[in-house]
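Q: Please take me through this model by asking, for each label, what it rests on and how the value compares with the cut-off.

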Amino acid sequence: MDAPPTPNTADDPQVDTLDPLTDPAWSAFVRDHPRASIFHTLEWARLLAQTYAFQPLYLVRRAPDRTIQAGLPLMEVRGLFRRLKGVSLPFSDICPPLHP
């Protein structure tokens, strides 16, 4: 029989979502990350949101002090039959996850 999952402790990294349009932590993370591109920026997220009415929903891993350690930019996009799906990132040439 499998053991139940262990609960997260205060020292474990946490997976969270954020909206880069309202959370300045994303811009700080992108500014300091050596592999970030224009497609990771707040300005690109704003352009996609305003132009196509996509909703940013970024997945991030946070350290115990709540700073971002890694992130995956996604947009909620209506697909076939108007179902929501996460797309990383539409209309972007390259936008890989950012990690250490």
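Q: Which residue of S4 does Arg62 stand opposite?
A: Arg62 stands opposite Ile68 in S4, where strands are DSSP runs of E with at least two residues and helices are runs of H or I with at least four, both numbered from the N terminus. This is a predicted model, in which local features need pLDDT of at least 70, side-chain atom pairs count only at pLDDT 80 or more, and totals for chains, interfaces and linings use all residues. Residues are numbered from 1 along each chain as its sequence is written, and side-chain values use heavy atoms, with hydrogens and water left out.

Q: What makes strand S3 and S4 a pair?
A: Two strands pair if DSSP finds at least two bridges between them; strand S3 (residues 58-62) and S4 are joined in the antiparallel sense over four bridges, so they meet that definition. Val60 stands opposite Gly71 in S4. The hairpin of S3 and S4 has five residues between the strands, and Arg66 takes a positive phi near 80 degrees there.

Q: Why do strand S1 and strand S4 count as standing at the edges?
A: The open sheet of three strands has the order S1-S3-S4, with antiparallel pairing. Strand S1 (14-18) and strand S4 (68-72) each have a single partner strand, so one side of each is left without a neighbour in the sheet. Neighbouring strands of this sheet are turned by 30 degrees against each other on average, direction ignored.

Q: What does helix H1 touch when it packs on the sheet?
A: Helix H1 (residues 24-32) touches S1, S3 and S4, contact meaning heavy atoms within 4.5 Å. The direction of helix H1 makes about 95 degrees with that of S4, where axes are lines fitted to C-alpha atoms, for helices over the stretch in contact, and angles run from 0 to 180 degrees between N-to-C directions.

Q: Why is the pair of Trp26 and Tyr58 called edge-to-face?
A: The structure holds five aromatic pairs, and rings of Phe, Tyr and Trp (its six-membered ring) pair if their centres lie within 6.5 Å, with planes under 30 degrees apart counted as stacked, over 60 as edge-to-face and the rest as tilted. The rings of Trp26 and Tyr58 have their centres 4.9 Å apart and their planes at 85 degrees, so the pair is edge-to-face. Trp26 lies in helix H1 and Tyr58 in strand S3, so the pair ties together parts that are 32 residues apart in sequence. Ring pairs also link Trp26, Phe29 and Tyr58 into a cluster.

Q: How do you know whether Trp26 is buried or exposed?
A: Buried means under 20% relative accessible area, exposed over 50%, and partly exposed in between (1.4 Å probe, protein chains only). Trp26 has a relative accessible area of 0% and is therefore buried, and Tyr58, at 0% relative accessibility, counts as buried too.

Q: What makes the pair of Tyr52 and Phe54 stacked?
A: The ring centres of Tyr52 and Phe54 lie 5.5 Å apart and their planes are at 20 degrees, so the pair is stacked. Tyr52 counts as partly exposed because its relative accessibility is 40%, whereas Phe54, at 13%, counts as buried.

Q: How do you know that the buried residues of H2 are on the same side?
A: The buried residues of H2 are Leu42, Trp44, Ala45, Leu48 and Ala49. They cover an arc of only 165 degrees around the axis, which puts them on the same side of H2; the arc is that of the directions from the helix axis to the C-beta atoms. What covers these residues includes H1, S2, S3 and S5.

Q: Why is Glu43 called exposed?
A: Glu43 is found in helix H2 (residues 42-52), and its relative accessible area of 52% makes it exposed. Glu43 and Gln50 are exposed on the other side of H2.

Q: What makes Met75 a buried residue?
A: Met75 lies in strand S5, and its relative accessible area is 0%, so it is buried. Residues that Met75 touches include Ala45, Leu48, Phe54 and Tyr58.

Note on methods: Lists of a residue's contacts leave out its neighbours within four places in sequence.
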